[in-house]
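Have a look at the structure first, and then we can walk through it.

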Amino acid sequence: MTTIAVIRGDGIGPEIMDACLRVLDALGAGLSYEFADAGMTALEKHGELLPQDTLDAIARHRVALKGPLTTPIGGGFSSLNVELRKRFDLYANVRPALSMPGTKAHYENIDIITVRENTEGAYLSEGQTLSADGQTAQSIVRNTRRGAERIVRYAFELAEKRGRKKVTAVHKANILKTSSGLFLDVAREVAKAHPTIAFNEMIVDNTCMQLVMNPWQFDVIVTTNLFGDILSDLCAGLVGGLGLAPGANIGSAAAIFEAVHGSAPDIAGKHIANPCALLLAAADMLDHIGLVEHGTRVRDAIRATLAAHDRVTPDLGGSGTTETFAEAIVQRLAA
Ligand SMILES: NC(=O)c1ccc[n+]([C@@H]2O[C@H](COP(=O)([O-])OP(=O)(O)OC[C@H]3O[C@@H](n4cnc5c(N)ncnc54)[C@H](O)[C@@H]3O)[C@@H](O)[C@H]2O)c1
């Protein structure tokens, strides 16, 4: 029996998490759950956004499935998700973009994994200042050899484990000769240690164009924090948007799996939220803890349900609810 920490989250979080756990229970993968609170739910129940008990539960079980969290404005953290990444040094942000049937995507047969460095670089906006006259803004871009090495190594190891063929390092080393140059140098070095995986490098602006013109050339993309933030959303757009986009934040001590979308306060409590992004994150979590067969079963059941357009939620053009959608997936698991 493997126990995972489960944070149901805010807004639509509890609805989609309950649907997701229903599917996981039906799988019979031998999972048990320790529930923990974060976000607005935690603030209301325990008086703080990120209680120590929640951090302890994640540390104890090393794997968490997390619903979306609402960060209240002026709550002390710029973002709870960024705070969790910092606390657990979750250095790899892994975002698969996988085509699913029955979506409004413009492309088919996309299968790209973006591996984004999650702990340094321009995205951190370290040392942000604005001059007194309001005319000059600046921040520091700090990339380290250690940071670049561990993320590129992670991308190659993931490629090897998942039977992928190619890793593309995305950079802007032609202009950002030190910050992006260091990343590229390290990527080239690490690539030499993984001769069974093809390696290529691409400048970020060209990558954007290539992703739109010929996305099938990509397999695993590895890049720095800010470029990864942008490119992974571009990839989500290729497969129909955030409704089906899972994400994982992975470190050596813990891994947190979640949907990419937020707590959707506009539809919370209406039972029409699509549970698939969280469920796809749960499938990736199953892969991560070595239950790859179960992860594949979940993805296959989602794919079959979407293809049949069976009881799917309104965002996908159906008239189902979060619960009936989960029910349809559960039935296909049993088939
Ligand atoms: N990982 C996270 O915890 C996370 C990520 C992003 C935003 N947030 C938080 O979520 C809150 C709302 O943010 P937002 O409105 O900008 O983005 P959002 O992703 O919550 O919603 C954007 C739009 O997409 C729709 N949507 C989102 N998920 C859906 C689903 N599963 N099924 C159907 N429709 C769905 C919403 O109804 C809304 O119209 C904010 O407090 C933000 O900080 C949290």
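## Strand pairing, a helix and the ligand shell

Strands β3 and β12 (residues 255–259) pair in the parallel sense over four bridges. Keep in mind that this is a predicted model. Strand β3 also pairs with β1 (residues 2–7), again in the parallel sense, over three bridges. The table sets out both pairings, with a bridge from each.

| β3 and β12 | parallel | four | Val63 with Ala255 |

Are the faces of β3 (residues 63–66) covered or open? Both are covered: Val63 and Leu65 are buried on one side, and Ala64 and Lys66 are buried on the other.

Now for helix α11 (residues 322–334). At 1.5 Å a residue, its 13 residues should span 18 Å, and the end C-alpha atoms are 19 Å apart, which agrees. The buried residues of α11 are Thr322, Phe325, Ala326, Ala328, Ile329 and Arg332. They lie on the same side of α11, because they cover an arc of only 155° around the axis. Their cover includes α1 (13–27) and α10 (292–308).

Finally, which residues are closest to the ligand? Of the 20 residues that surround the ligand, the closest are Pro68, His261, Gly262, Ala264 and Asn274. By class, the shell has nine nonpolar, eight polar and three charged residues.

Terms used: Residues are numbered from 1 along each chain as its sequence is written. This is a predicted model: local features need pLDDT of at least 70, side-chain atom pairs count only at pLDDT 80 or more; totals for chains, interfaces and linings use all residues. A residue is near a molecule or strand if its C-beta atom, placed from the backbone, lies within 6 Å of it. Ala, Val, Leu, Ile, Met, Phe, Trp, Tyr, Cys and Pro count as nonpolar, Asp, Glu, Lys and Arg as charged, and the others, Gly among them, as polar. A residue is buried if 20 or more other C-beta atoms lie within 10 Å of its own, exposed if 12 or fewer, and partly exposed in between; C-beta atoms are placed from the backbone. Helices (H or I, at least four residues) and strands (E, at least two) are DSSP runs, numbered from the N terminus. Two strands pair if DSSP finds at least two bridges between them. The expected span of a helix is 1.5 Å times one less than its number of residues. The arc is that of the directions from the helix axis to the C-beta atoms. Two residues are in contact if their C-beta atoms, placed from the backbone, lie within 7 Å.
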